[in-house]
Amino acid sequence: MRTTPYDASANNLTTVVGTGTSAVTVTRNVGSLGALNYLLLNVQQNGMMGGGMGGGMTNGSISFNNAKLNGVSLPVGAFPGAASGAKWSITGEDLTRGFSLEGDIVLTGMQPGMDMNHVEISVGYTDQTGPQITGIGVQPNPAILNGVATLRATVDDSLSGNNRIQSAEYSLNGGAWMAMAAQDGVFDSVWEGVDAELSASKLGVNEICVRGTDAKGNVTAPPRCTTFLVTYQFEGFYEPINGGTVNVAKAGQTLPGKWRLSDANGVPVEEISSFAGFYSYAVDCETFSGSTSDAVEEYAAGNSGLQYGGDGYWQYNWKTPKSYAGTCRAMYVAFDSGAASPIVTFKFK
């Protein structure tokens, strides 16, 4: 065999066997083959070759020499597998608009009786798409600093090749890819729920990415990413502010806001940088609904400012304006993690 070009514009597959005046050309209209990225050359040799002094029979040999695809040399050489039948394939090349395969198939050995050698060329399209990632999320969100959070996602190949899921991995903040587990204990279907435990060691916004691999070796590209927040363990508020009900206060008085911050292990947060502001916004006095986008920063009375009492205990003396009389407001403390305390409501006399 010398050349086997496929002309996608005419849907013709042409095979040229031999060289010079002895060359035989066969052209066949194969119709539209659609998307192509897979080429298989299957050679079946039915012959045997004579042995040595003992007169035994041994298999011949098959090789594919001077191979070129679209003019580019391919490192093929000898076929793998048994000499009586061998296959060679190439996957991942875009062959949709046509291709030209050249080379010499060399078969050695005697051809007994009416046995015929057989060469078959197959083209098609194989899955080259990685699984889809859906339902990615982290719980709890926000996670508590130095605690553990659970990452969950779904790896689905049903719409991108319908192959069994082989594995799943995650990367936290651009770090190394780490294995995830199948929620049912084994990767054995085209759709898998997966999970992994994460260490919440970075304060603030964290990025988590997930990718899957199917049984064909196709990997999700690009990975599916989302973010989650890591913040402090908040304890409070303490008297005189009550977080479980509507607080009634006199406008113009100073209200000490008290709270405690720690990590997931109870270790106190002592950095003053943890405090990012004391805020309030107007709410309806019937429904106590309002918008945090209207929040304004509140200020401390005199020079009292933010105070640290040790063991993670903090206090901010809120000097409420007299203009709040007859109104209702919601209050919260913001932290440098990007998270905030629970919201507390007030009715001012």
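**Close-up 1. Ala-181 meets its bridge partner in strand E19.** The bridge partner of Ala-181 in E19 is Asp-195. Strands E18 and E19 (residues 191–200) pair in the antiparallel sense over 2 bridges; strands are DSSP runs of E, at least two residues, numbered from the N terminus, and two of them pair if DSSP finds at least two bridges between them. Both belong to an open sheet of 4 strands in the order E13-E15-E19-E18, with antiparallel pairing. Strand E13 (132–139) and strand E18 (181–182) stand at the edges with a single partner strand each, so one side of each has no neighbour in the sheet.

This is a predicted model, where local features need pLDDT of at least 70 and side-chain atom pairs count only at pLDDT 80 or more, while totals for chains, interfaces and linings use all residues. Residues are numbered from 1 along each chain as its sequence is written, and side-chain values use heavy atoms, leaving out hydrogens and water.

**Close-up 2. Arg-211 forms a salt bridge with Glu-169.** Their closest N and O atoms are 2.8 Å apart (a salt bridge is a side-chain nitrogen of Lys or Arg within 4 Å of a carboxyl oxygen of Asp or Glu). Arg-211 lies in strand E20 (residues 204–214) and Glu-169 in strand E16 (residues 165–172), so the pair ties together parts 42 residues apart in sequence.

**Close-up 3. Glu-235, Arg-260 and Asp-311 share one salt-bridge network.** The closest N and O atoms are 3.1 Å apart for Glu-235 and Arg-260, and 3.3 Å apart for Asp-311 and Arg-260.
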